[in-house]
2 protein chains.
Amino acid sequence: MPKVGMEPMRRKALVDAALRVIGDHGSLSVTMSEIAKQAGVSPALAHHYFGSKEQLLIETIRSLLKQLRDDAVTALKAARTPREKLSAVIRVSFHADQFAPQTIAAWLAFYAEAQRSEETRRFLVIYARRLRSNLVANLKPLCPADVAEHIAEGVAAMIDGLYIRQSLGSTRVGAEASIALTEDYVTIQLREAAR
Amino acid sequence: MPKVGMEPMRRKALVDAALRVIGDHGSLSVTMSEIAKQAGVSPALAHHYFGSKEQLLIETIRSLLKQLRDDAVTALKAARTPREKLSAVIRVSFHADQFAPQTIAAWLAFYAEAQRSEETRRFLVIYARRLRSNLVANLKPLCPADVAEHIAEGVAAMIDGLYIRQSLGSTRVGAEASIALTEDYVTIQLREAAR
DNA sequence: TTTTATTGATTGATCAGTCAATCAACATTA
DNA sequence: TAATGTTGATTGACTGATCAATCAATAAAA
């Protein structure tokens, strides 16, 4: 055979290329040709390994999600107290990689795609649940359970909102300001709950 | 068949049809045929009046934005105090029409499109600015100017975030809860600022 | 008759997906 | 060692479908 064991490398290269092309293009309306070209292989090979464009896109979002989860796990492990862990969750969301214009554009494209693709929606729902669960778990030691759920919804909405506003590129709210805004929300809500 | 003076009616019918099709489809990847069919005319007529698909889509988002502005103007006129006006702005954002799954899907599609289309981005930036400006103007009588800007960013982010989360359909946060969450944010932030 | 509205038919471009053919490493065999 | 068969990797060329856009033709109103 030729260079045996190419498959894992090619798959990774194609998924990475897809992410880059989608981010640049700002849309899932990208061609297999573009992706393959970016990965340095023929379009036919992309089909050979992934079967269909949809499958390649699914793998791409899966990889995006995995990256985010890995970052979160690492950050959570480094934090000690619940309050520190909350800050860690927030910081991960606005971490440079995640907050890069290309990455934000890709997320946005996937949100739009979720309107049509059941599988894409499943992945995004998983992300939403995980974020919520991380927040609630670390809020519960600091306030009553129902308040924790309330704050968690607010924080999650604020994070997603800062993301989408960033995608327009019209706001002066950068990563640091976004973190500050979210932290501030948590702090004040917790203070209020402690009364 | 042709009665003279059809143009304004056809244009409106086509724009409305486009909005409906985009909302249903959850994407701007809709065909002129679909839109024309929905409007009860031939695809050729859509081209006759709008010149291109892009132009029709531009008119469509313009109409969506106009609806939102008109609602906001009406609601603001009915409110007396700054605090009431803030509530009015929030309520308009989550008003039934705006919060309908189809409408949310359409907004999301336009946000994605803004990554590529300069003109679409312009429209969305106008919306973002108007929301921010409405908020800041009515916050300033209630707190220092810099705090007003800070709170406005937070509120705007929360509104957009609640929107995008709604688009996934996975959350139990409905319109009422969304309004409550946002109102709560304003109230607590203002209380904090008053200390 | 002239102007406006409207459409069916057509075109040209774009793409996802298919397929038969080629290539290069390895194993086997003589 | 050298020839040969085997198989995964890879591609160019092709197909079928889709769609935006065009245009010539028709119908009605002015």
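Q: Before we start, what counts as a helix or a strand here?
A: Helices (H or I, at least four residues) and strands (E, at least two) are DSSP runs, numbered from the N terminus.

Q: OK, how many helices and strands does chain A have?
A: Chain A has 10 helices and zero strands. This is a predicted model, where local features need pLDDT of at least 70, side-chain atom pairs count only at pLDDT 80 or more, and totals for chains, interfaces and linings use all residues. Residues are numbered from 1 along each chain as its sequence is written, chains are lettered from A and ligands numbered from 1 in the order in which they are written, and side-chain values use heavy atoms, with hydrogens and water left out.

Q: What does the C-alpha trace of chain A span?
A: About 70 × 35 × 30 Å along its principal axes.

Q: And how much of chain A is buried?
A: Buried residues are 51% of its 195 residues. Buried means under 20% relative accessible area, exposed over 50%, and partly exposed in between (1.4 Å probe, protein chains only).

Q: Switching to chain B. Which residues of helix α3 are buried?
A: In α3(B), residues 43-50, they are Ala46(B), Tyr49(B) and Phe50(B). Seen down the helix axis, they fall within an arc of 80 degrees, so they line one face of α3(B). The arc is that of the directions from the helix axis to the C-beta atoms.

Q: Why would residues a few places apart point the same way?
A: An α-helix has 3.6 residues a turn, so residues three or four places apart point the same way.

Q: What's on the other side of α3(B)?
A: Ala44(B) and His48(B) are exposed there.

Q: What do the buried ones pack against?
A: Against α1 (7-25), α2 (32-39) and α4 (53-78) of chain B. Contact means heavy atoms within 4.5 Å.

Q: What happens just after α3(B)?
A: Gly51(B) takes a positive phi of about 80 degrees.

Q: New topic. What rotation superposes chain A on chain B?
A: One of 180 degrees, with 0.1 Å of shift along its axis (RMSD 0.1 Å). That is the relation of a two-fold axis. The copies are superposed by least squares on the C-alpha atoms of residues with pLDDT of at least 70 in both.

Q: Which residue of chain A comes closest to the rotation axis?
A: Gly161(A), at 1.8 Å (C-alpha). The same surface serves both copies: 100% of the contact residues of chain A recur in chain B.
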